[in-house]
Every structure is written in structure tokens, then in C-alpha cells.
Amino acid sequence: MGDSASQTNARSLREILEGLDCVSQHVAAIQWAKNNDRVIDLFGDFAKNRHLLLFQSGNESENWLDPTLNLVYKMNMLSHVGDNILKLLDRIDIYNGLFPETAMHLIGFQVMSEYHAFPVFSQEFIDNVRFATREEINEYMQARGFHPVTDDDGCYANDSLLLSDVKPKNVLRSDDGIMYVVDAEICKTSM
């Protein structure tokens, strides 16, 4: 799914979810996914038909690698947003604005039950890179207007945002010095 289609999908979903509680968001998201052919079965046919490989996963998401399309599919388990899909979409918008070279695109939902679904995003797989060092990450983030938060390694802030988990496991560096933040937790400081 292209970037513009993904943005259109996220906008139409956002309009549906606005003002709903978390349970109602899930029910509405499932209906939206069914109506728009966006039910993604990462445990079944979607994964089998694309020969996906289970990839490095973390606390907030399960990840699959699509070696044919050079994509990573991320199923976000909503653990950092209290099951609030709309809050996650807001954070993804901020993330994509900060790190467009590793933007995540909503492709649909993994339906877990009639009342619970996890958003699935695609992200380009970055090849021929290594994990960035803490020093390289520090320099990169400071050049982007963020300062390290002294009481927690991997946390950076500016006047409006707090980013966490910006650590070597989530930041890659190419041989020519390009930095790629492939995952980060983001909060508005006014939240």
C-alpha cells in the first residue's frame, strides 16, 4: 500500500474513532478493517502467502520481515497507549514527522476477537547498516534539537516532546553516516 493510500486510510479511520472510548474504538476499527479489506492475518494467510519471517520483536510490537518486498510489518499491541488506537495514531503521526526516512504506514488490523484488534503498520526494511553507538545517537538527536534526559538513558526531550527507547537497538547507521530511528516511544510533554 502506497504512502498516500496509507495516509487516506489513517485519516478515514481517525474520523471514525474520534470521541470513542477504547472498547468502542476497537469495535469500530474492526468494522473499518472489514469494510476496507484491511484485516491483516499475520498468523495465517497474509503471512503464509508472503513468506513472512518472524523478526525482532519488542514489548510493544510483534514484527515480521517480508524479504520479497523489503518491508517490516509491525503489529502494535497498544501496551504503551492503554489500548487507545487513536492515541497510537497520533504518536505515529509525530514519529513520521520526526523520522520520515523510516515512516510507518497503517495497512490494517490483526483481529484478535470481536472486541479487540491490533493495528498493523508497514515500514521499509533498512539493509546494510549497523546499530548506532550511544555517542552517535546523542550527536544525532542533539543536532535535531533534542537534549538528553539525564535520569534515563535513551530519553530525549525538546520543548514539546519526550522520546524514549532511542537506544542502539532502535537506531541504525549506514556506512555513509545516515541515521535511521526505526522505533521510539513518543509523548507530548503536555500529556
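I searched the whole structure for cavities and found 1 of 30 Å³ or more. For the record, a cavity here is a set of points on a 1 Å grid over the protein atoms alone where a 1.4 Å probe fits but cannot get out; points join across faces, edges and corners, and the volume is the space filled by probe spheres set on them.

This is a predicted model, with local features needing pLDDT of at least 70 and side-chain atom pairs 80 or more, while totals for chains, interfaces and linings use all residues. I number residues from 1 along each chain, and side-chain values use heavy atoms, without hydrogens or water.

I looked up the volume next: the largest cavity holds about 210 Å³. Its lining has 18 residues (an atom within 4 Å of a point), and Asn76, Leu88, Ile92, Ala184 and Glu185 lie nearest the centre. H4 gives the most to this lining, 4 residues. Helices are DSSP runs of H or I, at least four residues, and strands are runs of E, at least two, numbered from the N terminus.

I then checked asparagine 96, which sits in helix H4 (residues 85–98). Buried or exposed, at 18% relative accessibility? It counts as buried (under 20% relative accessible area, exposed being over 50% and partly exposed in between, 1.4 Å probe, protein chains only). Leaving out residues up to four places away in sequence, asparagine 96 touches Ala103 and Met104 (heavy atoms within 4.5 Å).

Last stop, H5 (residues 134–143): I noted Ile137, Tyr140 and Met141 as its buried residues. Exposed Glu135, Glu139 and Ala143 are on the face turned away from that buried side.

Methods:
1 Å grid on protein atoms, 1.4 Å probe; cavity = no way out; pocket = protein on both sides within 12 Å on 5 of 7 lines; lining within 4 Å.
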